[in-house]
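Could you walk me through this structure, stop by stop? I have the viewer open and would like to know what to select next.

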Amino acid sequence: MRKHLKVLVGLVLVLGLVAAACGDDAVETTTTMAPETTTTTAAPTTTAAPTTTAAPTTTAAPAEPLLVWADETRVPVIEAVAAEFEAATGVPVQIELVGFGDIRANMVQQAPLGEGADVFIGAHDWIGELVVNGVVEPIDLGARATEFFNVALEAFSYDGQRYGLPYAIEAIGLYRNTDLVPDAPATFEDLLAVCDALDAEMAEPWQCLALPAGNDAYHHYPFVASAGGYIFAWDGTSYDPTDVGLDSDGAIAGFEFFDGLVADGYIDPAVDYGTMTNLFFNNQAAFMWTGPWALPDVKAAVEAGTLSGYATSPLPDILGNTAVPFVGVQGFMVNAFSEQKALAQTFVLDYIATVDVMTQLYEVGLRAPAHIDAFNAVAADPDVQAFGESASAGNPMPNIPEMASVWDALGTAVQEIYNQTSDAATALTTAAETVRAAIAG
């Protein structure tokens, strides 16, 4: 039985709810006895009417609902799937709207208590923490694994097992103002040549290449990885936290290139994420360096007339190498403590993992589908092609718990380059040593 406890409720109330819930578990059986009657006639003999007892009637307990946690964007799609599932199985599906950023912590806290959702959506880089806490159940896709992009399957893999059904892939790409730059630059040298020409023409405020400066490790990972650098070594099935590559030759070479962009004024340390988007939305930047989550606002700016037009493409080559961004994958996961794991797996594999549903999830989230046939179904969209191509060249964000030590360390190295207070080798060596010390400690 799943008891639905509320977060932050006091212990007394919790115990009361448990007792009440247990009382609800019993099957109610009602037995009605007909009264014993005797009928006497005028004849000298008396015949007693037989005693009759009504057969017991049983009211079956309703099927326990399957509980699904999803964010506001995905709820409408899941509601339609839930109706189909209930019609086919007789099992109702209860969908609770939970902020995407709250789902992981709530599952870690509640699942071991017999609470939390049976099925929940989340990001692949949660997997390490969820596995360590015993919260997430492996999902065996079997032969159906061939229906999904390999990068998405790798992202949800941990110690040789897969812990989620991927539905969306995201990675940063390059937005460009098509009025200013009709053709996508294939290399960084091409991009810088465009900027050299435009910088001489455009009036302030102007920033040709707008990146979110500061301590943003995520957006600057291509400068670590494109020339062969890495965070943790990947052996094909899992990450090795004992092999930290932030100070590898490839990472340092990429950061030296990044350092040169700052020193030469091509990217501005004063441009944060909000400034970047405002510049691009108002025809004051030729290029914007971010992911598909910006698409709704970009389209709105075009509709409002502040942005003359846009297109997307993969990031340009860096130092002669295909740019390698971080890849994020979102998926559906099953609670390892659920008492309805078989039903939860059926819901995920048979009702979510369809071309139609995967396509709908793309339409509401604008992330490239992880399902190959769904991707092909929307491939005419040039944004899907651009961000899909970018992700296909990328690396999944490491999903091991040790990644928590990387964000601040790498972010600090990025900030030092923007501040020009450290050279690339020193900044990354310090970052790598910080990560190693955190893992060892």
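**Colour by confidence.** This is a predicted model, so begin by colouring the chain by pLDDT. The mean pLDDT of the chain is 88, and 86% of the residues reach 70 or more. Now select residues 1-60: pLDDT stays under 50 there, and the model has 53 contacts beyond four places in sequence for this stretch.

**Helix 7 and helix 8.** Next, select residues 217-225, which are helix 7, together with residues 249-263, which are helix 8. The two axes come within 6 Å and cross at roughly 120 degrees. That makes helix 7 oblique to helix 8. Show the side chains at the contact: helix 7 brings His220, Phe223 and Val224, while helix 8 brings Gly250, Ala251, Gly254, Phe255, Phe257, Phe258 and Leu261. By class, this contact has seven nonpolar and three polar residues, with no charged ones.

**Helix 8 and helix 16.** On the helix 8 side, pick out Ala251, Ile252, Phe255 and Glu256; they meet Ala424, Ala425 and Leu428 of helix 16. Six of the residues in this contact are nonpolar, one is charged and none is polar. Leave Ala251 and Phe255 highlighted for a moment: both take part in the contact with helix 16, and both are also in the contact with helix 7.

**An aromatic pair.** A search of the whole structure finds 21 aromatic pairs. For one of them, select Tyr167 and Phe332, a tilted pair with 5.3 Å from centre to centre and 55 degrees between the planes. Tyr167 sits in strand 9 (residues 165-170) and Phe332 in strand 16 (residues 326-335), so the pair ties together parts that are 165 residues apart in sequence.

**Two backbone details in loops.** Which peptide bond is cis, with omega near -5 degrees? Zoom in on the bond from Glu204 to Pro205. Pro205 lies in the loop between helix 6 (188-199) and strand 11 (209-210).

For the last stop, go to Leu319, in the loop between strand 15 (310-313) and strand 16. Check its backbone: Leu319 has a positive phi of about 55 degrees, although it is not a glycine.

How values were computed
Residues numbered from 1 in each chain as written. Predicted model: local features only at pLDDT ≥ 70, side-chain atom pairs only at ≥ 80, totals over all residues. Heavy atoms only, no water. Axes fitted to C-alpha atoms, helices over the stretch in contact; angles between N-to-C directions. Helix = DSSP H or I, 4+ residues; strand = E, 2+ residues; numbered from the N terminus. Contact = heavy atoms within 4.5 Å. Nonpolar A, V, L, I, M, F, W, Y, C, P; charged D, E, K, R; others polar. pLDDT = per-residue confidence, 0-100. Phe/Tyr/Trp six-rings, centres within 6.5 Å; stacked < 30°, edge-to-face > 60°. Parallel < 35°, antiparallel > 145°, perpendicular 65-115°, else oblique.
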